[in-house]
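Today I'm going through salt bridges and a pocket.

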Amino acid sequence: MSKAFTKESDADDDDDGAGSAPPLPAGGKNYITPQGYSRLRAELIDLMDVERPKVVEAVHWAAKNGDRSENGDYLYGKKRLREIDRRIRFLTKRLEIAVVTDPTIHHGRDQIFFGATVRYADETGEERELTIMGIDEADSAQGQVSWISPIARALLKQREGDVVKLATPGGVHDIEILSVSYPLPAKG
């Protein structure tokens with residue numbers, strides 16, 4: 001049977017398989033900072049207006065070069081086009097359900113909400129700092145965690161000085177909240 005009549009794998013149609021974020025909890029909201037929303041929107045626009053047209057042009061060129069079954073440029077281009085389209089669908093869906101939440105409104109408070117930067121100490125006295133962000137923008141390498149992560153859920157609505165129980169695979173641990181801060185509001 002010709003390849004043209006075979007179904008591609010279900011993974012190719014999986015919009016959440018775009019590789020960047022875990023699924024939202026059932027009934028959960030897609031909280032995101034204004035900066036995170038802007039980054040995702042800029043990525044979507046770049047994919048639609050720059051990246052996708054380049055790949056479409058390359059695929060069109062490669063298609064004119066004859067036998068498509070052994071044409072590496074054509075095959076790679078079609079694969080890349082599917083990846084781009086999948087990412088566009090993913091970003092479009094995530095941006096449609098995004099709830100933009102500005103953490104600057106909590107500036108000066110000592111209670112932990114979305115967007116807070118929290119410094120805490122574990123039972124051994126080791127201090128760590130993290131910022132609670134949206135699912136689609138959190139970057140653990142930058143000390144950011146998603147608001148649905150276990151540590152964020154344990155910290156949310158707590159205050160400076162509170163001792164919180166954090167359930168981990170290694171058992172329950174106490175962590176003490178040392179400080180809570182938020183970004184400064186923009187002057188305007």
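Predicted model: local features only at pLDDT ≥ 70, side-chain atom pairs only at ≥ 80, totals over all residues.

**Arg 87 and its partner**

Started with Arg 87, which is buried, at a relative accessible area of 13%. The partner I found for Arg 87 is Glu 43, and their closest N and O atoms sit 2.8 Å apart, a salt bridge. I then looked up where the two residues belong: Arg 87 is in helix H2 (residues 72-96) and Glu 43 in helix H1 (residues 34-63), so the bridge links distant parts of the chain, 44 residues apart. Glu 43 has a relative accessible area of 29%, so I logged this residue as partly exposed.

**Arg 94 and Asp 136**

Next I checked Arg 94, which pairs with Asp 136 in a salt bridge, with 3.3 Å between the closest N and O atoms. Arg 94 is in helix H2, while Asp 136 belongs to the loop between strand S4 (127-133) and strand S5 (144-146), so this pair ties together parts 42 residues apart in sequence. Buried or exposed, these two? Arg 94 is buried, and Asp 136 is buried as well.

**Arg 159 and Asp 110**

Arg 159 comes out partly exposed, with a relative accessible area of 37%. Asp 110 is partly exposed too, and I have 31% for its relative accessible area.

**A network, and the total**

Which residues do salt bridges with shared partners join into one network? I got Glu 51, Lys 79, Arg 80 and Glu 83. For the whole structure, I have 11 salt bridges down.

**Second largest pocket**

What lines the second largest pocket? My list reads Tyr 31, Phe 113, Phe 114, Trp 147, Leu 156 and Lys 157. Sorted by type, this lining gives 5 nonpolar residues, no polar ones and 1 charged.

Note on methods:
Residues numbered from 1 in each chain as written. Heavy atoms only, no water. 1 Å grid on protein atoms, 1.4 Å probe; cavity = no way out; pocket = protein on both sides within 12 Å on 5 of 7 lines; lining within 4 Å. Nonpolar A, V, L, I, M, F, W, Y, C, P; charged D, E, K, R; others polar. Salt bridge = Lys/Arg side-chain N within 4 Å of Asp/Glu carboxyl O. Helix = DSSP H or I, 4+ residues; strand = E, 2+ residues; numbered from the N terminus. Buried < 20%, exposed > 50% of the residue type's maximum accessible area, 1.4 Å probe, protein only.
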